[in-house]
Amino acid sequence: ILVADQINDVVQKYDFVGNYVGVFAPAGGVNNAILDNIRGISLRPNGNLLVTVGSGTNQNNIAEFDTAGNYLGNFIAAGSGGLSGPFAIYFRASDILVSSDGSNNVLRYDLNGAFLNTFASSINFPQQIEEAGNTDVLLANFSTPNSGVQEYTAAGTYITTYSVVTGNRGAYELGNGNILTSNGSAVYEIDRNNTIVATEMTSVNAQYIEYVVAPTARIGLAKTVGTDPSVCAA
């Protein structure tokens, strides 16, 4: 399992029973000329790792690493399409969505990192992006107005905001159609009637939510915020 460590500026690696393996990226350890204030991570189809960089000399870039953690350069260049404060990266079949908290929108790129257009605008501090089973896009929107889990069509048309939980950082659709969402104090299950179904975890400073399957099939992704671990599987 790879974990984006926002405070220590590295991507950490753990085995599937939670044992710490070591720093995965950058290979060789902390290098603030490459990673500083990192947020979301994602894997390209070729297995390379992409990391959002929020601060430092390499800020507002999406950095790329090979399968051994070696830095290859920036997959998405600084400021491409207005990218500012990149937070989450989400691969779809034919494009990539990146939440940009500095410009308060979600930007769309092709699979090679070239800017296409703005997917969604007029947001306030967008964080995790996930795709629903019907191809709608779920977006955790941290700040007011419109704090909550926002839902968009696959083409970027706004549908609604589920605001029963606010200060949202993570969003993930469950098999029953309900949504897991996180904030600075808990992880909740909410439904599309905008009600809380259950509080799954409390007293956690939670962030992204990812589903981790068999080790041979997928590497799990997570991140930390402050000094508290995020939800990495549910």
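These are my notebook entries on a few spots I looked up in this predicted model.

**Entry 1: strand β6**

I started with β6 (61–65). How many of its residues are buried? I got 5 of 5, so I wrote the strand down as mostly covered. Next I checked which way the side chains go. N61, A63 and F65 point one way, I62 and E64 point the other way, and all are buried.

Then I looked at the neighbours. β5 pairs with β6 in the antiparallel sense, over 5 bridges. β6 and β7 make a hairpin with 5 residues between them, and G69 in the turn has a positive phi of about 90 degrees.

**Entry 2: nonpolar cores**

Which residues touch the most other members of the largest nonpolar core? I found V11, L35, I41, L49, V51 and F65, out of 14 residues in that core. At least two residues each come from β1 (2–5), β3 (20–25), β4 (38–43), β5 (49–53) and β6. β5 gives the largest share, 3 residues.

**Entry 3: aromatic rings**

I get 8 aromatic pairs in the structure. I opened Y109 with F115: the ring centres are 5.6 Å apart and the planes sit at 70 degrees, so I logged the pair as edge-to-face. Y109 is buried because its relative accessibility is 0%, whereas F115, at 33%, counts as partly exposed. I also noted one aromatic cluster, formed by F87, F125, F142 and Y208.

**Entry 4: D101**

Where is D101? I found it in the loop between β9 (96–100) and β10 (105–109). Is D101 buried or exposed? Its relative accessibility is 15%, and the cut-off for buried is under 20%, so D101 counts as buried. What does its side chain join to? I see a polar contact of 2.8 Å between the side chains of D101 and R39. Again leaving aside residues up to four places away in sequence, D101 touches R39, S84, G85, F87, F125 and P126. Two of those names, F87 and F125, were already in my notes as members of the aromatic cluster.

Note on methods
Residues are numbered from 1 along each chain as its sequence is written. This is a predicted model: local features need pLDDT of at least 70, side-chain atom pairs count only at pLDDT 80 or more; totals for chains, interfaces and linings use all residues. Side-chain values use heavy atoms; hydrogens and water are left out. Helices (H or I, at least four residues) and strands (E, at least two) are DSSP runs, numbered from the N terminus. Buried means under 20% relative accessible area, exposed over 50%, partly exposed in between (1.4 Å probe, protein chains only). A polar contact is a pair of N or O atoms within 3.5 Å; within protein, one must be able to donate a hydrogen and the other to accept it, and residues adjacent in sequence count only if both atoms are side-chain atoms. Contact means heavy atoms within 4.5 Å. A nonpolar core is a set of buried Ala, Val, Leu, Ile, Met, Phe, Trp, Tyr and Cys residues joined through side-chain atoms within 4.5 Å. Rings of Phe, Tyr and Trp (its six-membered ring) pair if their centres lie within 6.5 Å; planes under 30 degrees apart count as stacked, over 60 as edge-to-face and the rest as tilted. Two strands pair if DSSP finds at least two bridges between them.
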